[in-house]
Amino acid sequence: MKKRFEWSVHPFAISGLFLLLFASSAPYAFAVLSSVILHELGHTMAAVLLGKRVVGVRIVPTGLNITLSAPSSYAEEICIAAAGPLMNLLYAMSAPPLPYGLGGVVVSVSLLLMLLNLLPLVSLDGGRMLGAALSVLFGVNTAERVLSLLTLVILWMLWTLSLYVFFYS
């Protein structure tokens, strides 16, 4: 039996959208919304081209979360995960001709979203790609342990950096 397509909205998504639209400038809000939507469309297009289907869409405070049918191989997982950051790069490369200084904001936001998603953290695209590559080389259990440890180390480093910036700037 086919699983039905599901829409859902996280309880705090409305507050996140409200803050984005009313507590930030219009160019920044446009850049964030368009970059996030195109990022997720990149994943979706890659999945559909590989024969996968969209199972659900969840609106979360930080954007969209699109659920796809499971990839058949690690190569498919890497391709689907890489498609979002690649879409952000393409969007950033095409943005400079936009009017009213919007191009610079779109380039900055889109490239930042791309770089953040390429971090090798468990829940991000970089983590999905690294996890798939490590699974091929060392097996799923080892890949999960390495990725979990790497996530802890990177998050600790980012937390330490944020404390440094907070106290010394």
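Visitor: Which residues make up the largest nonpolar core?
Guide: There are 11 residues in all: Leu20, Ala29, Ala31, Val32, Val36, Tyr91, Ala95, Leu102, Val106, Val109 and Leu113. A nonpolar core is a set of buried Ala, Val, Leu, Ile, Met, Phe, Trp, Tyr and Cys residues joined through side-chain atoms within 4.5 Å. Buried means under 20% relative accessible area (1.4 Å probe, protein chains only).

Visitor: What kind of model is this?
Guide: This is a predicted model: local features need pLDDT of at least 70, side-chain atom pairs count only at pLDDT 80 or more, and totals for chains, interfaces and linings use all residues. Residues are numbered from 1 along each chain as its sequence is written, and side-chain values use heavy atoms, with hydrogens and water left out.

Visitor: What does Val32 touch?
Guide: Leu20 and Val109, not counting residues up to four places away in sequence. Contact means heavy atoms within 4.5 Å.

Visitor: Pockets now. How much space lies in the largest one?
Guide: About 1,200 Å³. A pocket is an open set of points on a 1 Å grid over the protein atoms alone, where a 1.4 Å probe fits, with protein on both sides within 12 Å along at least five of seven lines; lining residues have an atom within 4 Å of a point.

Visitor: Which residues lie nearest its centre?
Guide: Val36, Glu40, Thr62, Gly63 and Leu64, out of 40 lining residues. H2 gives the most to that lining, with 10 residues.

Visitor: And the volume of the second largest pocket?
Guide: About 150 Å³. H5 gives the largest share of its lining, 5 residues.

Conventions:
Buried < 20%, exposed > 50% of the residue type's maximum accessible area, 1.4 Å probe, protein only. Points joined across faces, edges and corners; volume = space filled by probe spheres on them. Helix = DSSP H or I, 4+ residues; strand = E, 2+ residues; numbered from the N terminus.
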